[in-house]
Amino acid sequence: MRYHIESGRLVEAQWVESPNCDARSGQIIDLIVIHGMSLPPNQFGGEGVVQLFTNQLNSDAHPYYAEIANLRVSAHLFIRRDGQIIQFVNFDQRAWHAGVSRYQGRSACNDFSIGIELEGGDAICYTASQYQALALALKALLNAYPTLDEKHIVGHSDIAPGRKTDPGPLFNWRALFRLLNNS
Ligand SMILES: [Zn+2]
């Protein structure tokens, strides 16, 4: 199976537009950042992340939401536990996913990265379906954007150490790269 990218969109993903993006300031895209989160934390299958990424999170719906409902954030992709992918921001646009961040001496990683959010929590293993969908999406991205390289795929915690811990210590990088390099 192969996934496809056309005009900055992953064809196999559901499209839900987020306003939390803007134009890239001419920088090439050469980094992929893997994230993990769920809303409410450690509960899966709900609409919380979709609502957060589209500025529709109801701050009264959960105690934690009051802290985050005013954030203006979105990854490019969100991969649910069953491997379903939702795309919120065109890859050619800058999504607001990384926040204060630094990679190999360059700050503001949103400028030059693509952000992929996995539905999960730091203390819970991600699913086989998520690794498969992630690997397919990454292969499509590496193919569509020659400036990307699998050597430059990192976790949010790698570019915002001390501030972010996702995708967490249970994220299996070896399994991901095994899938990426198969077929
Ligand atoms: Zn993150």
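## A buried arginine and its partner

R80 counts as buried, because its relative accessibility is 9%, below the 20% cut-off. This is a predicted model. The side chain of R80 meets that of E47 in a salt bridge, 3.2 Å from N to O. The pair links distant parts of the chain, 33 residues apart. E47 sits in the loop between β5 and α1 (48–53). R80 sits in the loop between β6 and β7 (85–87). E47 counts as partly exposed, at 44% relative accessibility.

## Other salt bridges

A search of the whole structure finds 6 salt bridges. One of them joins the side chains of D30 and R106, at 3.2 Å from N to O. This pair also links distant parts of the chain. D30 lies in the loop between β4 (21–23) and β5, and R106 in strand β10 (residues 106–107). They are 76 residues apart. D30 is buried, with a relative accessible area of 15%. R106 is partly exposed, at 29%.

K151 and D149 meet through their side chains in a salt bridge of 3.6 Å, N to O. K151 is exposed, with a relative accessible area of 64%. D149 counts as partly exposed, at 28%. Elsewhere, salt bridges link D22, R94 and D111 in a network.

## The zinc site

The zinc ion has three named protein donors: H35 (ND1), H156 (ND1) and D166 (OD). They lie 2.1 Å from the ion. In sequence, the donor residues are spaced H-x120-H-x9-D. H156 lies in helix α4 and D166 in the loop between α4 and α5, so this pair ties together parts 10 residues apart in sequence. Both H156 and D166 are buried.

## Around D166

D166 lies in the loop between α4 (156–159) and α5 (173–181). D166 is buried, yet has no salt bridge. The nearest side chain of opposite charge belongs to K164, 5.6 Å away.

D166 does have polar neighbours. A polar contact of 3.2 Å joins its side chain to that of H156. The D166 side chain also reaches the backbone nitrogen of G36 at 3.1 Å. Leaving out residues up to four places away in sequence, D166 touches several others, including I34, H35, E117 and D122.

G36 lies in strand β5 (residues 31–37). G36 is buried, with a relative accessible area of 11%. Beyond residues up to four places away in sequence, G36 touches E117, L118, G120, Y126, D166 and P167. The C-alpha atoms of G36 and L170 are separated by 11 Å, while the residues are 134 apart along the chain.

## Two nonpolar cores

In soluble globular proteins, nonpolar side chains tend to be buried together. Here the largest nonpolar core has 30 residues. Those with the most contacts inside this core are L10, I32, I85, I116, L134 and L141. At least two residues of the core come from each of β5, β6 (77–79), β11 (113–119), α3 (128–144) and α5. The largest share, 9 residues, comes from α3.

I32 shows some of the contacts. Not counting residues up to four places away in sequence, I32 touches I114, I116, L138, L141, L148, H152, I153 and V154. A second, separate core has 17 residues. Among them are V50, F53, L57 and Y65.

Definitions and conventions
Residues numbered from 1 in each chain as written. Predicted model: local features only at pLDDT ≥ 70, side-chain atom pairs only at ≥ 80, totals over all residues. Heavy atoms only, no water. Helix = DSSP H or I, 4+ residues; strand = E, 2+ residues; numbered from the N terminus. Buried < 20%, exposed > 50% of the residue type's maximum accessible area, 1.4 Å probe, protein only. Lys, Arg positive; Asp, Glu negative; His and termini not counted. Salt bridge = Lys/Arg side-chain N within 4 Å of Asp/Glu carboxyl O. Polar contact = N/O pair within 3.5 Å; in protein donor to acceptor, adjacent residues only side chain to side chain. Contact = heavy atoms within 4.5 Å. Core = buried A, V, L, I, M, F, W, Y, C linked by side-chain atoms within 4.5 Å. Donors = N, O, S within 2.8 Å, 3.2 Å for Na, K, Ca; no water.
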